Amino acid sequence: MEKILDLVRSNNLVQAVLCIAFGLFLMIYPSITIQGIIMLFGVALALMGAAGLVSYFRQKSVRYRNTGTLMGAVFYLIIALIAFVFPKVIAGFFSVVLGVVLILFAIVNVVRAVGLRSFGSSIWIAVLVAAVIVGVGGVLIVVNPWGASMTFVLVLGAAFIANGAVDLFIEWYARDSAKQADLMARPR
């Protein structure tokens with residue numbers, strides 16, 4: 001049992017250090033991280049396109065080749081090429097889509113807040129405030145999509161660092177408590 005606990009403790013320690021290191025990497029190099037994710041997206045699409053081309057040309061008879069497979073493969077390869085050549089555009093596009101979705105959520109919540117107002121409860125104020133905050137965030141993302149992507153990566157990095165720091169604190173506290181328990185359990 002002691003060996004299992006030591007293994008879990010060392011695993012938690014390694015995970016905490018890796019979380020902090022990854023979080024620092026995200027915070028120091030946010031643009032590289034975003035472009036790296038887009039490049040991985042491009043690699044996946046290129047592999048899907050190549051697989052589609054192989055599948056299409058593997059058919060010996062031209063009569064039985066599926067043109068949908070060829071069109072899908074070419075589409076994947078074109079999107080992969082765009083991802084490799086214009087990674088910022090792709091990241092900006094996804095950010096704009098996220099911003100529009102947030103704006104739509106905000107509009108729906110404003111309508112809900114107005115509906116809740118008729119019930120006489122003051123909860124509608126909290127819903128309205130949350131909707132306005134979400135709406136402003138959506139507008140800011142639409143206006144500056146690349147900055148929003150960078151902010152997201154920075155926040156993600158900070159979250160990893162915080163998670164690693166908490167894990168390290170828990171590990172330290174658990175070891176300190178175990179030492180205290182061992183000292184109290186020893187016969188005098």
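Visitor: In which helix does Leu70 lie?
Guide: This is a predicted model, and the helices in it are numbered from the N terminus. The helix that spans residues 67-85 is α3. Leu70 lies in helix α3.

Visitor: Is Leu70 buried, partly exposed or exposed?
Guide: The relative accessibility of Leu70 is 24%. Buried means under 20% and exposed means over 50%, with partly exposed in between. Leu70 therefore counts as partly exposed.

Visitor: How far apart in space are Leu70 and Trp124, C-alpha to C-alpha?
Guide: Along the sequence, Leu70 and Trp124 are 54 residues apart. In space, their C-alpha atoms are separated by 53 Å.

Visitor: What separates the C-alpha atoms of Val17 and Gly164?
Guide: Val17 is found in helix α1, residues 2-28, and is partly exposed at a relative accessible area of 47%. Gly164 is 147 residues away from Val17 along the chain. The separation of the two C-alpha atoms is 6.2 Å.

Visitor: Where is Lys60, and is Lys60 buried or exposed?
Guide: Lys60 sits in the loop between α2 and α3. Its relative accessibility is 80%, and the cut-off for exposed is over 50%. So Lys60 counts as exposed.

Visitor: How far is the C-alpha atom of Lys60 from that of Ser31?
Guide: Lys60 and Ser31 are 29 residues apart along the chain. Between their C-alpha atoms the distance is 46 Å.

Visitor: What is the C-alpha separation of Gln35 and Ile90?
Guide: Gln35 lies in helix α2 and is partly exposed, with a relative accessible area of 28%. Ile90 is 55 residues from Gln35 along the chain. Their C-alpha atoms are separated by 9.3 Å.

Visitor: Which helix gives the largest share of the lining of the largest pocket?
Guide: The largest pocket holds about 410 Å³ of space and has 18 lining residues. With 7 residues, the largest share is that of α6.

Visitor: Which lining residues lie nearest the centre of the largest pocket?
Guide: The lining of this pocket consists of 18 residues. Nearest the centre are Ser95, Leu98, Ala148, Ser149 and Phe152.

Visitor: How many charged residues are in the lining of the largest pocket?
Guide: The lining has 14 nonpolar residues. A further 4 are polar. The number of charged residues is none.

Visitor: Which helix supplies the largest share of the nonpolar patch?
Guide: The patch covers about 870 Å² of surface, and Val43, Leu47, Ile78 and Phe86 are among its residues. Both α2 and α3 supply at least two residues. The largest share, 6 residues, comes from α3.

Visitor: What is the relative accessible area of Val74?
Guide: Val74 is found in helix α3 and is one of the residues that make the nonpolar patch. Patch residues need over 30% relative accessible area. Val74 is partly exposed, and its value is 37%.

Notes: Residues are numbered from 1 along each chain as its sequence is written. This is a predicted model: local features need pLDDT of at least 70, side-chain atom pairs count only at pLDDT 80 or more; totals for chains, interfaces and linings use all residues. Side-chain values use heavy atoms; hydrogens and water are left out. On a 1 Å grid over the protein atoms alone, a cavity is a set of points where a 1.4 Å probe fits but cannot get out, and a pocket is an open set with protein on both sides within 12 Å along at least five of seven lines; lining residues have an atom within 4 Å of a point. Grid points are joined across faces, edges and corners, and a volume is the space filled by probe spheres set on the points. Helices (H or I, at least four residues) and strands (E, at least two) are DSSP runs, numbered from the N terminus. Ala, Val, Leu, Ile, Met, Phe, Trp, Tyr, Cys and Pro count as nonpolar, Asp, Glu, Lys and Arg as charged, and the others, Gly among them, as polar. Patches are made of residues with over 30% relative accessible area and no salt bridge: like charges are joined within 9 Å, nonpolar side chains (Val, Leu, Ile, Met, Phe, Trp, Tyr) within 5 Å. Accessible areas come from the Shrake-Rupley method with a 1.4 Å probe; for residues, only the protein chains shown count as cover. A salt bridge is a side-chain nitrogen of Lys or Arg within 4 Å of a carboxyl oxygen of Asp or Glu. Buried means under 20% relative accessible area, exposed over 50%, partly exposed in between (1.4 Å probe, protein chains only).
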